[in-house]
Amino acid sequence: GPEFTPAMGYANPQQKAAGIHTRLYSRAFIIDDGNRTVVFVTADIGMVSQRLRLEVLRALKEKYGNLYRQDNVVLSGTHTHCGLAGYFQYTLFMITSNGYIKSSIQPLVNGIVKSIDIAHSNKRPGRIYRNKGELDDSSINRSPHSYLNNPEDERNRYKWNTDKQVLVLKFTDLDGDGIGMISWFAVHAVSMNYTNRMVSSDNMGYASYLLEKDKNHGALPGQGSFVAGFSSSNLGDVTPNTRGPHCVNSGLPCDYLNSSCPVGGTKECKAFGPGEDMFDSTKIIGHSIYMKAKVSTCKPALGHSFAAGTTDGGGDLNFTQGAVEGDPFWDGIRDALLGPPSNQTKECHHPKPILFSTGEMNWPLPWHPQIVDVQIVTIGSVAVIAVPGEMTTMSGRRLRKAVKEELESENTFKDTEVVIAGLSNIYTHYITTYEEYQVQRYEGASTIYGPHTLTAYLHKYRSLARAIAQDRVSELPAGPEPPFFTKNLFNLMAAAAVDKKPDNSSFGDVLEQVYPVYRQVRRLRSQGATQDTTFVTVEVYDNRTETWEVVYTDASWETRFHWLKGSNQQSNATIEWHIPPTAAHGTYRIQHFGHYKQMKAIIILSKHAVTVERKTPF
């Protein structure tokens, strides 16, 4: 793939992938009761884009005909902010992630389809159990000021300003042996902050990693038969950084209303997790999660507070949250470059001052989607609402309540459990309540379809739930087809450069040899290039068989793989193995695998140019 692909989530162009902390996985679950089939996928990515969904559905149609379709496949993202970008077809997202990058989207499509293939070929009779619990100490509300704008009598019905509920579906075979589980919990996967340069599945991925390690004893990550999916929910205003926002320069809490600091503004205001550093915080939060296993809307537009970012990663410009008035300087630049928003859009979005009227911007392609998926699937008495964005705590509560009422109104469903699978099917930023929208913090400014966005969704999901309750799903109109753009997609990434090595040395030379004996951390540096199936193995020597056995790969929590492109097109790889207390005494070796890209040789033979490109593994 291209070098240094940007990460998706913080919209920070400097945050480009240069290594691997943990691998990203797609986990698929197929539920078939003989009458209906449902596919639920939770993938270690920031969110599912419309383009990704369309490409996956195309691939499934080619392979399975009409079996897995738009109406029975739910694709949900865990919302890690350290996965790859470049898989969007709308202009806004292409600009923030260096374009539409084929080498980003292809592995995502292939991985999701492959996970569905494996689930499809492993279908067997079984049982599904559901359970529910509460998880404390792992989430706080990052916009409490907005939450307080919701009606008092509504707030009084709930103990917390975030949802602490964990819902688990457990799948077993007929003998009662566990084959997998899905868990939903509302928290942002931002324990790894935007200074991180390694691909990482963050807290949700670590929870999956731990549970799968438990159940697939002795298997390498991604290799065992038990599949543990941790899925996002109504996490819009929920952060795992439980120590809250503090000013980095003074250590004092940030200003409550607009999350800024007296010196340095919003850039100095950062929320911190419970741990000593981001790795430790990810571990703590992931471990806690694992332990609990038609109202008119506006044309889309982003408000000024969108550019301020959040306490989990502030914006680079001088915007603050809670802005209900525009900024003449930035509005002037916008008007000159992109044209001012229409009066109709301005009135529709009030009190949001419009930074980008994306719904009125269509060059070179529309900046935001105009056609949005809404979907509900039922698994026994559990209804899963696929939400195409990030619902705040109260928005999610209103939606769950509305769907439960509709499902139980006909007496077809009793004791229904309604759960939100966030970041599903297409990404439309945030969905706040009407009241939270008025405050115009980051989440409200990013509610792109205006103040009545939630009301419109409630209306749509209610009608879906009513159709399910009345068994009239087949009568529902299909709705308009989303576009699949083929022209004007752009890629801002440069092609991967040639790999070179210093004179009198070879690719793969070890630059810094390990010590003969270690008690805690080992590091190895070598000259590197790009990937095969794993970049890294840690292997232990078995004296009995005189062979090396792989005990860790680059997908393991205990390894870290850093890749640094140096001067003169030479790159160095640093491999770290953080030796766990459980590691057995013995002789270990660390191996690095990859390819390097050679110079293209152009040979001219009687006016015919022949290009030869070799990629040689080492």
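Biologist: Does Leu423 count as buried or exposed, and at what relative accessibility?

Modeller: The model is a predicted one. Leu423 is placed in the loop between E22 and E23, and its phi is near 55 degrees, a positive value in a residue other than glycine. Because buried means under 20% relative accessible area, Leu423 counts as buried, at a relative accessibility of 0%.

Biologist: Which residue in a helix has a positive phi although it is not a glycine, and what is that phi?

Modeller: The residue lies in helix H6. Asp202 counts as buried, with 1% relative accessibility. The residue asked for is Asp202, and its phi is about 60 degrees.

Biologist: With the side chains of which residues does the side chain of Asn425 make a polar contact?

Modeller: Asn425 is found in the loop between strand E22 (417–421) and strand E23 (430–431), and it is buried, with a relative accessible area of 1%. Beyond four places in sequence, Asn425 touches several residues, among them Val48, Val73, Asp373 and Ala386. Its side chain makes a polar contact at 3.1 Å with the side chain of Arg53, and another at 2.7 Å with the side chain of Gln375.

Biologist: What separates the C-alpha atoms of Asn425 and Gly389?

Modeller: Along the chain, Asn425 and Gly389 are 36 residues apart.

Biologist: Which are the edge strands of the open sheet formed by four strands?

Modeller: The order of the strands in this sheet is E7-E9-E10-E11, with mixed pairing. An edge strand here pairs on one side only, and this holds for strand E7 (126–134) and strand E11 (227–231). Neighbouring strands of the sheet are turned by 15 degrees against each other on average, direction ignored. The edge strands are thus E7 and E11.

Biologist: In which sense do strands E9 and E10 pair, and over how many bridges?

Modeller: Strand E9 covers residues 165–173 and strand E10 residues 178–184. The pairing is antiparallel, over six bridges.

Biologist: Which helix lies across E10 and E11, and at what angle to E11 does it run?

Modeller: The helix spans residues 202–215, and Asp202 lies in it. It is helix H6, running at about 160 degrees to E11.

Biologist: Which peptide bonds are cis?

Modeller: Pro351 is found in the loop between helix H9 (343–349) and strand E18 (354–356), while Pro364 lies in the loop between E18 and strand E19 (375–379). A cis bond joins His350 and Pro351, with omega about 5 degrees. Another cis bond, with omega near -10 degrees, runs from Trp363 to Pro364.

Technical notes. Residues numbered from 1 in each chain as written. Predicted model: local features only at pLDDT ≥ 70, side-chain atom pairs only at ≥ 80, totals over all residues. Heavy atoms only, no water. Helix = DSSP H or I, 4+ residues; strand = E, 2+ residues; numbered from the N terminus. Buried < 20%, exposed > 50% of the residue type's maximum accessible area, 1.4 Å probe, protein only. Contact = heavy atoms within 4.5 Å. Polar contact = N/O pair within 3.5 Å; in protein donor to acceptor, adjacent residues only side chain to side chain. Pairing = 2+ DSSP bridges. Axes fitted to C-alpha atoms, helices over the stretch in contact; angles between N-to-C directions.
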